[in-house]
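Me: Hi! I've got a model open and would like to walk through it with you. Can we start with the backbone and then look at packing?

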Amino acid sequence: MAATVGPLPLVKLPAGPSQLTAEQRYWNTFKNQLLIPSPTNYPVTDISYNSDSFAITTGTRIQIYSNRTRKLLKTITRFGDVAHSGHIRKDGRVLVAGDDTGKMQVFDVNSRSILKTWTTHKQPVWVTKFSPTDLTTLLSASDDKTVRLWDLPSNEPTTTFVGHDDYVRCASFMPGTMSNMIVSGSYDSTVRLWDPRTGKNSSVMTFKHAAPVEDVLSLPSGTTMLAAAENTVTVLDLVAARPLHQITNHQKTVTSLSLASGGRRLITGGLEGHVKVFETTGWNVVYSTKYQSPVLSVSAIPATDAPGADDRHLAVGMQSGVLSVRTRQSGAEAAREREREREMAALIAGTIDVHDSKKAKRKRRAESSQKLDMLGEGADVVIAGDSRSRRKKERPWQKDLRHARYSRALDQVLDRQAQDYAPINVLTLLIALRHRSALRDALEGRDEQTVQPVLKWVCGHISDPRYVSVCVEAAIHLIDLYAEYVDSSEDLHQAFQLLHRRVKVESEMAQVACQTGGMLESLTAGTL
């Protein structure tokens, strides 16, 4: 019995360079941008989060939003002056913030009542944070040049660290098992590491920078630290006590640092309005985007508190008082969003009927595939529905090729009015004709009208490296067969002139490339 004849498979062209990298595709999935203007018209200076909500600090208020819906949940306004660094504890029940009067206040998130007030600082308090491991321990950093550790039930600081010579504008707990240590950055251009276990109020390690330090951040390993000073982010090795790398991709001052993707990516925001993402191995930029105002705070908010959890939101606070929140959808949410986008595109293009019919067809197929008739233990699975073969139907030009009607097959694939016209079909047919040594047979015996589509297609694709081989062979046959008729046909004369110009341009470009290659070789040889 003869084997079933299948359609001629299409040629698979080599894939060119992708316009988007995997990282760019990932960060481009943060869509559905929500722009929230500050009710006080103050800049958004800080963003903190836990598993259920995130808090932003702007002017004399702190606003708490839902991680799931991005809707405003609570607003805390009990400040006498501009608030700073509203930090929500990881259990979401308590929030701490400082202000320009030097006051520190701890709030109950549900009732918004004040649980604790400290007035030890006499200058503005710029940083307040809870410990990631101890729910009752927190730190503060102030313009009075001190960094202090606090215990929630106590009225006085448990430790006061002295050593900075200027305003202290950033501080953080170290991660993991080193969470009892603190790192701080100051406008005296130093980054200092503090350890309360030594019993002293002086730093155990100091890194000097060339400019005031705007933000500090520790990597999850606890042995590497990042410090932002002017337009540079310095990678510091705490084990070797030396800098490892400098990131200088920003044009203006870097104001905020944040980790993403479980600590595998670093996000930076700068006064030029750029937010950049770096991989934490070679510290190369993998993604960058521009905002309409200087960026003062940036944070990648994960979906859960679990280690390595997927990023859910990209929140950016700006000088203009606008908070930008971009959300990454996944799973069923992403599928529904893609379906809405396809439906809207079809509606705009006027093809909504075709879209609806395809959607209904997919639905019928899904329902049919689910109808299984299980007949007892060990029985065959009977699939209800269409039992006919789903073999691909052979196209007319493929059938003509199989029956050696080469000219007719070529005319069909060159018909630009055909519904299934595609250059890849023409290339597939020409390659098949070359393999059969029938390319000349398909091209000869044509008149002035039928040779024009072949010449036009060859002229249009002879400069494409993926098509050039078969185009050159077809052009040689066309010249050999029809060059003698050029003088008697103006259209044929113009078509061959266009082919000559295209080939001349390509040959000149090849010559220039060879000359450039020779010059580069001589330059590189001279440097060795």
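Me: Is Ser-437 buried or exposed?

Reply: Ser-437 is exposed, with a relative accessible area of 63%. Keep in mind that we're looking at a predicted model.

Me: Thanks! And where is Ser-437 found?

Reply: You'll see Ser-437 in the loop between α6 and α7. Its phi is positive, about 55°, although Ser-437 is not a glycine.

Me: What about Ala-404, what is its phi?

Reply: Ala-404 has a phi near 65°, again a positive value in a residue other than glycine. Ala-404 belongs to the loop between α4 and α5, and at 45% relative accessibility it counts as partly exposed.

Me: OK, on to packing. How many residues does the largest nonpolar core have?

Reply: The largest nonpolar core has 38 residues, and Leu-410 and Leu-433 have the most contacts inside it.

Me: Let me zoom in on Leu-433. Which residues does it touch, not counting those up to four places away in sequence?

Reply: With those neighbours set aside, Leu-433 touches Leu-401, Tyr-406, Ala-438, Leu-439 and Ala-442.

Me: There's a second core too, I think. Which residues does that one include?

Reply: The second core is separate and has 16 residues. Among them are Ile-267, Val-286, Tyr-291 and Val-322.

Me: Switching topic: how is the protein chain divided into domains?

Reply: Domain 1 covers 23-328, domain 2 covers 330-363 and domain 3 covers 396-525.

Me: And how far apart are the C-alpha centres of domain 1 and domain 3?

Reply: Those two centres lie 62 Å apart.

Me: Last topic, cysteines. How many disulfides does the count come to?

Reply: The count comes to zero disulfides.

Me: Are Cys-459 and Cys-170 buried or exposed?

Reply: Cys-459 is buried, with a relative accessible area of 2%. Cys-170 is buried as well, with a relative accessible area of 3%.

Me: Great, thanks for the tour!

Definitions and conventions:
Residues are numbered from 1 along each chain as its sequence is written. This is a predicted model: local features need pLDDT of at least 70, side-chain atom pairs count only at pLDDT 80 or more; totals for chains, interfaces and linings use all residues. Side-chain values use heavy atoms; hydrogens and water are left out. A nonpolar core is a set of buried Ala, Val, Leu, Ile, Met, Phe, Trp, Tyr and Cys residues joined through side-chain atoms within 4.5 Å. Buried means under 20% relative accessible area, exposed over 50%, partly exposed in between (1.4 Å probe, protein chains only). Contact means heavy atoms within 4.5 Å. Domain bounds come from an automatic or database domain assignment. A disulfide is a pair of cysteine sulfur atoms within 2.5 Å. Helices (H or I, at least four residues) and strands (E, at least two) are DSSP runs, numbered from the N terminus.
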